[in-house]
Amino acid sequence: MKLFLTLLALFGLTAGLSAQLGASGQPETFTRQDSLRGSITPERAWWDLNYYSLDLRVNPEEKSLSGTNTIRYRVLEPATRMQIDLQQPLQIDSVWQDGQRLDVTSEGNAHFVHLRKIQRPGAFEAVHVAYSGKPREAVRAPWDGGFSWDTDSRGQPFAATSCQGLGASAWWPNKDHMYDEPDSMAIAVRIPKPLMNVSNGRLRQVTDHGDSRTYHWFVSNPINNYGVNVNIADYAHFGDTYAGENGDLDLDYYVLPENLEKAKNQFGQVPLMLEAFEHWFGPYPFYEDSFKLVEVPYLGMEHQSSVTYGNGYSNGYLGRDLSGTGWGLKFDFIIIHEAGHEWFANNITYRDIADMWIHEGFTAYSENLYLDYHFGTEAAAAYVIGTRRNIKNDRPLIGTYGVNREGSPDMYYKGANMLHTLRQLVEDDALWRSVLRGLNAEFRHQTVTTAQVEHYMSERTGKNLSAFFDQYLRTTMIPTLEYRRVGDRLEFRYTEIVDGFDMPIRILANGEPRWIFPEADWKSEPLKADAVLGFDANFYIHKKPVPAP
């Protein structure tokens with residue numbers, strides 16, 4: 001039945017599909033709009049993105065924009081209709097191909113372009129979409145995104161975009177599904193003087209129009225839709241160079257002028273981040289496009305090669321330690337976490353947002369690895385174990401496929417603790433590092449599924465991890481170790497587990513570590529009656545003493 005519903009969501013586009021429980025504990029219901037947004041519709045499937053050229057004019061005073069997006073694509077099979085996404089209240093003004101204006105049929109936020117030209121498989125074609133209006137304003141960026149409009153301390157406009165989950169079509173027309181990325185992209189943004197626009201990639205030129213300027217940026221690598229951004233302010237700029245694994249990496253920083261000195265101090269963590277993450281994950285994935293940190297009027301987000309920052313130039317998460325251990329105050333959460341997404345989100349990208357744990361689980365785990373590299377394994381372990389207090393186990397980490405619905409927010413710290421647990425099972429940090437680096441090499445600049453990640457990690461670790469991933473990703477159950485002492489023996493078993501779950505753990509007998517191998521049935525190991533029993537906290541399980549029979 002579950003497979004049937006998934007297929008309906010992917011291909012049937014029918015309204016009212018029931019899926020997993022939502023945050024309220026009630027079954028979620030999905031609509032045709034959810035399916036049009038979240039599935040690979042027939043009007044999307046026949047063409048492969050090659051290139052975007054986005055040309056915008058932004059009016060901060062009116063909170064409006066207008067522009068065109070040229071969408072270049074390769075034809076995979078003949079078709080007569082193309083789906084382009086643009087969210088209300090923005091509107092499509094016209095669409096044309098080879099100089100011919102095309103008819104458009106709109107259904108909510110999905111717009112179906114009626115093509116006149118024969119679409120021949122293998123051919124490269126382009127459509128041009130003109131649009132305008134006032135884009136959705138972000139309510140609580142970046143979680144409820146759109147355009148954030150603000151002013152700086154001098155009254156100058158201060159604006160930025162954020163749109164993960166909501167979709168890039170909240171502010172520009174595109175193929176708004178994660179499975180397909182352009183190979184490269186041009187972004188041109190015209191704004192009034194003295195403002196500057198910072199977007200992804202490298203700045204190629206600035207065109208002066210008298211009262212305004214156009215900033216021309218170019219991204220030479222594949223980029224996911226929500227990773228594209230516009231950041232507008234009267235920025236101050238400074239930079240540096242990092243000697244990395246693939247050579248010199250340009251570092252550029254754009255901040256409000258009043259924060260320049262604070263930024264020069266706080267952003268000194270960027271080379272430390274790069275050193276740690278290149279060690280664990282491999283080379284920074286976008287040397288050609290540089291690395292930027294850009295101040296914005298919200299907390300921050302992982303926009304590719306243009307990471308946004310609003311953490312107040314202090315360590316922790318808005319000054320707080322999310323782990324409660326003190327270790328979370330040793331680094332600026334936004335610099336470390338959002339930059340970690342350059343590897344897991346921007347280099348390796350989920351095909352469907354239901355697999356968002358791939359982004360957030362690995363990147364929350366990257367906080368732990370940053371500490372491991374700079375402060376040691378014990379500090380890192382204390383931090384990630386401390387973050388367990390943020391886990392609710394309200395619903396599974398994997399969401400509902402085909403309807404643009406992610407899983408539980410537990411994907412952050414339950415995901416991180418799952419990976420920390422797996423590191424213990426591997427028992428070889430050199431191998432573990434090679435797995436993490438291997439993921440970024442194997443799936444470089446690709447979109448992936450959970451199944452691909454599971455298979456790769458099972459293969460590289462030499463362990464069948466199917467039940468392990470089923471347990472932590474697809475259920476809300478935390479393995480519970482029931483144990484009892486009977487004479488000179490320790491008896492134990494797992495409850496709250498999926499079929500086939502048999503994860504070994506380390507116990508401590510008088511402080512000495514040893515492995516036990518619990519399963520669903522009771523097992524036993526010799527343990528002297530006077531031995532002091534302890535459990536290794538690095539394994540994410542619950543423990544429950546039970547009376548002896």
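**Aromatic pairs and strand surroundings**

Tyr 284 and Phe 291 are both buried. Their rings form an aromatic pair of the edge-to-face kind, with 5.9 Å from centre to centre and 80° between the planes. The model described here is predicted.

**Overall form**

- The chain contains 12 helices and 31 strands.
- Its radius of gyration is 25 Å, close to the 24 Å that the globule rule gives for 549 residues, so the chain is as compact as a globular protein of that length.
- Along the principal axes, the C-alpha atoms fill a box of roughly 85 × 55 × 40 Å.
- Of the 549 residues, 58% count as buried.
- Among contacts with a separation of 6 or more, 68% come from residues 24 or more positions apart.

**Aromatic rings and charges**

- A total of 39 aromatic pairs is found in the structure.
- The pair of Tyr 309 and Tyr 313 is tilted, because the ring centres are 5.2 Å apart and the planes stand at 50°.
- Tyr 309 has 0% relative accessibility and counts as buried; Tyr 313, at 11%, also counts as buried.
- The charged end of Arg 484 is placed over the ring of Trp 522, at 3.7 Å from the ring centre.
- Lys 264 lies over the face of Phe 238, with 6.0 Å to the ring centre.

- Strand β19 (residues 247–255) pairs with β20 in the parallel sense over 4 bridges, and Tyr 253 has Leu 293 of β20 as its bridge partner.
- Strand β22 (residues 307–309) also runs parallel to β20 and is joined to it by 3 bridges.
- Glu 295 has Tyr 309 in β22 as its bridge partner; Tyr 309 is the residue whose ring pairs with that of Tyr 313.

**The four-stranded open sheet**

- An open sheet of 4 strands has the order β29-β26-β25-β31 and mixed pairing.
- At its edges stand β29 (523–526) and β31 (542–545), each with a single partner strand, so one side of each is left without a neighbour in the sheet.
- On average, neighbouring strands of this sheet are turned by 30° against each other, direction ignored.
- Within the sheet, β25 (residues 480–486) and β26 (residues 489–495) pair in the antiparallel sense over 7 bridges.
- The bridge partner of Glu 482 is Arg 493 in β26.

**The β15–β16 hairpin**

- Strands β15 (residues 202–208) and β16 (residues 212–219) run antiparallel and are joined by 6 bridges.
- The two strands form a hairpin with 3 residues between them, and Gly 210 in the turn has a positive phi of about 95°.
- Asp 208 stands opposite Arg 213 in β16.

**Helix α8**

- Helix α8 covers residues 377–386, and its buried residues are Ala 379, Ala 380, Ala 381, Tyr 383, Val 384 and Gly 386.
- These buried residues of α8 pack against α7 (357–375) and α9 (413–426).

Notes
Residues numbered from 1 in each chain as written. Predicted model: local features only at pLDDT ≥ 70, side-chain atom pairs only at ≥ 80, totals over all residues. Heavy atoms only, no water. Phe/Tyr/Trp six-rings, centres within 6.5 Å; stacked < 30°, edge-to-face > 60°. Buried < 20%, exposed > 50% of the residue type's maximum accessible area, 1.4 Å probe, protein only. Lys NZ or Arg CZ within 6 Å of the ring centre and 35° of its normal. Pairing = 2+ DSSP bridges. Axes fitted to C-alpha atoms, helices over the stretch in contact; angles between N-to-C directions. Contact = heavy atoms within 4.5 Å. Rg over C-alpha atoms; globule rule 2.2 N^0.38 Å.
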